[in-house]
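The following paragraphs lead through one protein structure, part by part. Please keep the sequence and the 3D view at hand while reading.

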Amino acid sequence: MIGFYVLMVAALVLAGAVGYTLLSSVQTANALSLAERNAARLEMTASALRQVVIADAEGRFFVPMGVPSFPSSLTSRTSLPDWVSGERVTPWGTPYGYCPYAPVTAPGGSSATVYGGANYAVSLTSDPVVYGAARPYVISGARPSNPLDAPDAPTVLAFLISPSNNASAVPACNNVYWDGRAWLTTGPVTGSVRAVTVDALSDSLAQAPRVLRRHAAQGASGSGLSASDPAALSTVLTEWRYLRPHRLTVVLDDAGGPFLISPTATDLGAGAGGTSPHPDAFGRHLILEAATGDSPVINTYPSDAAGVLRFPADTTIDGVSFGTGLGVSGMAGSRLLIRDSQLPSLATGGGEVILASGVSVTAPSGASSPPVLVNGGSLSVQGPVSIDGSEPGGAGIRQRGGLIQVAAPLSVTTGIGSSVFDALSYGEVSQDAGGALTLTGLGDQNLEAYTREIEVLSSGCVTGDLTCSVTCPDERPPLSGTCTTSGVTNVFLRGTQISGSVFSCAWSQVSELADEVTDPAGPVSPVARAICGPKR
């Protein structure tokens, strides 16, 4: 009987030990699972924060300001705004601590306080537009060094701090330090840290550039994140200035009517918050495309105002047209691809402009100059394109240097008796095998006269003559010229003249005394050089 009781006790002890082991294992597994879930959520929140870091024209980064953890208590611990991420709390419900900094100081701004255990002052600007609305960003207030920091600690833009498992107390911002390999916390309250640093952010943007997509409609006021919540076009373009994504696709819905832009806001070359053109303030690719089945139009307001939309980055315009008050221009270093679009005017602006199929450029009523201006850079016709300059009654194209490449059918309508190019045009023109020119309904024309290269001719003055002339070939009229004295010391330039195909330099003698100037032209004759361009 005693033996039976002994066995029973032994069985109970063994069952208790097994139960305790199982309970400990379950608790350990739960703790590990909770820690893993929290680590994943903390990293997800840090990733969302990286997506809304903005940059100014000099490439300096700035992060958004935080908000109170508890809206009812304005001095509660600062946490990440919910517009940045909805995953800003731990799995057990405690908000992550958020410590925003500005390593560099931008001018202006208003004062604010970050409540981070040890509070500190920052300055804010509310100019940036992100996710369809103006957001406050920290523009001054650098992280002070921690005495425990190892040498060469990374430059910090923000900390996201999590408490320990199931804890509610979050380590203070000033208790985070760099041990040479990772960011850790010190003090009685422990936790884990995710840091957004300048170097790491630069590397991540280089390896995985931001690619964004926004939806826009006239009169809309949403975030632009979906077709059901579109933003205003001006809002999206302002967001583009600040976020500097590698590529931003803007889908335009015509349900609200034409998109209206103020002429003062059409220079997209202006840096974020600035007025001077600064292409470095942007990402490299902007895409404006029509929503499926739509034909959106962008114009200026008021309707009688005139403006030019200047694109400083690589831009694709697909199925989007422009009203009579808004022309389009590239900028030096930009690449502009246009397809299925109607424009009132187009300028290369020193950039590379490519016209694919379905493009028409028609000068509006009241225009006084050709609708297409090639002012440096290049214009490439890669699909059927039409140009109509009949309204100003003149040529269709004004070329001031640069290259025009015709690789597809080009139809040009001009005023009566006018040519494709206006009288003072010059520059290089080339025609590929698929290129053809139809001029004012007269059928295909030979572009040979326009595709000849510019030629420079020189002519020295005849001994004893003070006039030098250069005659350009008929197919290359003189565009300009230069006059040089060479080794002559007793003459000065009186003036130049272009008459027909002749460029002339007129000289005068310094002295009329025969014993001082035996040869009026001197020992070496002056020289005239003429730049002879393709016939226009």
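**A walk through the model**

Helix α3, residues 233-243, is largely enclosed by the rest of the structure, because nine of its eleven residues are buried. The model is a predicted one. The buried residues of α3 are L233, T235, V236, L237, E239, W240, R241, Y242 and L243. An α-helix has 3.6 residues a turn, so residues three or four places apart point the same way. Just past the end of α3, R244 adopts a positive phi of about 50°.

E239 forms a salt bridge with R214 through their side chains, at 3.1 Å from N to O. R214 belongs to strand β15 (residues 211-217) and E239 to helix α3, so this pair ties together parts that are 25 residues apart in sequence. Are the two partners buried or exposed? E239 has a relative accessibility of 4% and therefore counts as buried, the limit being under 20%. R214 is buried too, with a relative accessible area of 4%.

Between β15 and α3 runs a loop, and G224 has its place there. G224 counts as buried because its relative accessibility is 0%. Leaving out residues up to four places away in sequence, G224 touches R213, R214 and H215, and also D229, P230 and A231.

How many salt bridges does the structure hold? There are ten. Two further ones involve strand β24. In one of them, the side chains of R339 and D318 meet at 3.5 Å, N to O. This pair links distant parts of the chain, since R339 is in strand β24 (residues 335-339) and D318 in strand β21 (residues 314-318), 21 residues apart. R339 counts as partly exposed, at 29% relative accessibility, and D318 is partly exposed with a relative accessible area of 25%.

In the other, the side chains of E352 and R335 meet at 3.9 Å, N to O. E352 lies in strand β27 (residues 352-355) and R335 in strand β24, so parts that are 17 residues apart in sequence are tied together by the pair. E352 is partly exposed, with a relative accessible area of 36%. R335 is likewise partly exposed, with a relative accessible area of 37%. Elsewhere, salt bridges link E43, R50 and R194 in a network.

The next stop is S341, which lies in strand β25 (residues 341-343). Its relative accessible area is 1%, so S341 is buried. What is S341 in contact with, leaving aside its neighbours within four places in sequence? The list consists of I317, V320, S321, F322, G358, V359 and S360.

Rolling a probe the size of a water molecule over the atoms shows where empty space is left. The largest pocket has a volume of about 470 Å³. It is lined by 25 residues, and those closest to its centre are V308, P344, S345, S369 and P370. Elements that give two or more residues to this lining are β20 (307-311), β23 (326-330), β26 (346-347) and β29 (372-374). β23 gives the most, with four residues. Sorted by class, the lining of the largest pocket has 14 nonpolar residues, ten polar ones and one charged.

The last stop is strand β35, residues 436-439. Which residues make up its covered face, and which its uncovered one? L437 and L439 form the covered face, while A436 and T438 form the uncovered one. Strand β35 pairs with strand β33 (residues 409-413) in the parallel sense, over four bridges. Within these strands, P409 stands opposite A436 of β35.

Methods. Residues numbered from 1 in each chain as written. Predicted model: local features only at pLDDT ≥ 70, side-chain atom pairs only at ≥ 80, totals over all residues. Heavy atoms only, no water. Buried < 20%, exposed > 50% of the residue type's maximum accessible area, 1.4 Å probe, protein only. Salt bridge = Lys/Arg side-chain N within 4 Å of Asp/Glu carboxyl O. 1 Å grid on protein atoms, 1.4 Å probe; cavity = no way out; pocket = protein on both sides within 12 Å on 5 of 7 lines; lining within 4 Å. Points joined across faces, edges and corners; volume = space filled by probe spheres on them. Nonpolar A, V, L, I, M, F, W, Y, C, P; charged D, E, K, R; others polar. Contact = heavy atoms within 4.5 Å. Pairing = 2+ DSSP bridges.
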